[in-house]
Amino acid sequence: MKENIIIFDGECSLCNGVVGWLLKFAPTDSFSFVAFQSSYGQNLLHTFGFPKKELTTIILINEAGAHTHSDGFLKIVAQIPECRLVAALLAFIPRIIRDAIYNLASKNRIKWFGKSKTCAIGF
């Protein structure tokens, strides 16, 4: 698989905001976006062994496999030329700390940012 596929929560305002930001700033055709609620998203979750009822992390699927939590997010951000250095520097922070912050934001994302009435890419 050569393509970078990002699976995200299409009902999360924060997730939709990140997808919108990536659509604006990532090089053209860097990523394909799939809402986990879509049938394709459900198939990918099943294929890669993720739960299908709820998504608690963004998932990047590429030729090296599935990447989640802060590792996945940093791999995504590193694809944007202007953000590569920041992603590389953040990668030096121990994963346990990065993931603790990521999980806090993930757990509270709906409470803090709300639920989206529409998905950034449609379902």
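Tutor: First a definition: axes are lines fitted to C-alpha atoms, for helices over the stretch in contact, and angles run from 0 to 180 degrees between N-to-C directions. Helices (H or I, at least four residues) and strands (E, at least two) are DSSP runs, numbered from the N terminus. This is a predicted model, where local features need pLDDT of at least 70, side-chain atom pairs count only at pLDDT 80 or more, and totals for chains, interfaces and linings use all residues. Residues are numbered from 1 along each chain as its sequence is written, and side-chain values use heavy atoms, with hydrogens and water left out.

Student: Fine. At what angle do α3 and α5 pack?

Tutor: The angle is about 90 degrees, and the axes of α3 and α5 are 8 Å apart. That makes α3 roughly perpendicular to α5 (65 to 115 degrees; under 35 is roughly parallel, over 145 roughly antiparallel, the rest oblique).

Student: Which residues meet there, α3 against α5?

Tutor: From α3, His69, Ser70, Asp71, Phe73 and Leu74; from α5, Arg95, Arg98, Asp99, Tyr102 and Asn103. Contact here means heavy atoms within 4.5 Å. The residues of this contact divide into three nonpolar, three polar and four charged. Ala, Val, Leu, Ile, Met, Phe, Trp, Tyr, Cys and Pro count as nonpolar, Asp, Glu, Lys and Arg as charged, and the others, Gly among them, as polar.

Student: Take Ser70. Buried or exposed?

Tutor: Ser70 is buried, at 6% relative accessible area. The cut-offs are under 20% for buried, over 50% for exposed and partly exposed in between, with a 1.4 Å probe and protein chains only. Leaving out residues up to four places away in sequence, Ser70 touches Arg95, Arg98, Asp99 and Tyr102.

Student: And Ala91, where does that sit?

Tutor: Ala91 is in the loop between α4 and α5. It is partly exposed, with a relative accessible area of 42%. Ala91 and Ser70 are 21 residues apart in sequence, with 8.7 Å between their C-alpha atoms. Not counting residues up to four places away in sequence, Ala91 touches Leu74 and Arg98.

Student: What is the make-up of the lining, nonpolar or charged?

Tutor: The lining has 17 nonpolar residues, four polar and three charged.

Student: Last topic, backbone. What is phi of Asp29?

Tutor: Phi of Asp29 is near 65 degrees, a positive value in a residue other than glycine. Most residues other than glycine have a negative phi. Asp29 lies in the loop between α1 and β2 (32–35) and is exposed, at 75% relative accessible area.

Student: And what about phi of His69?

Tutor: His69 has a positive phi of about 55 degrees, although it is not a glycine. His69 is in helix α3 and is partly exposed, with a relative accessible area of 22%.
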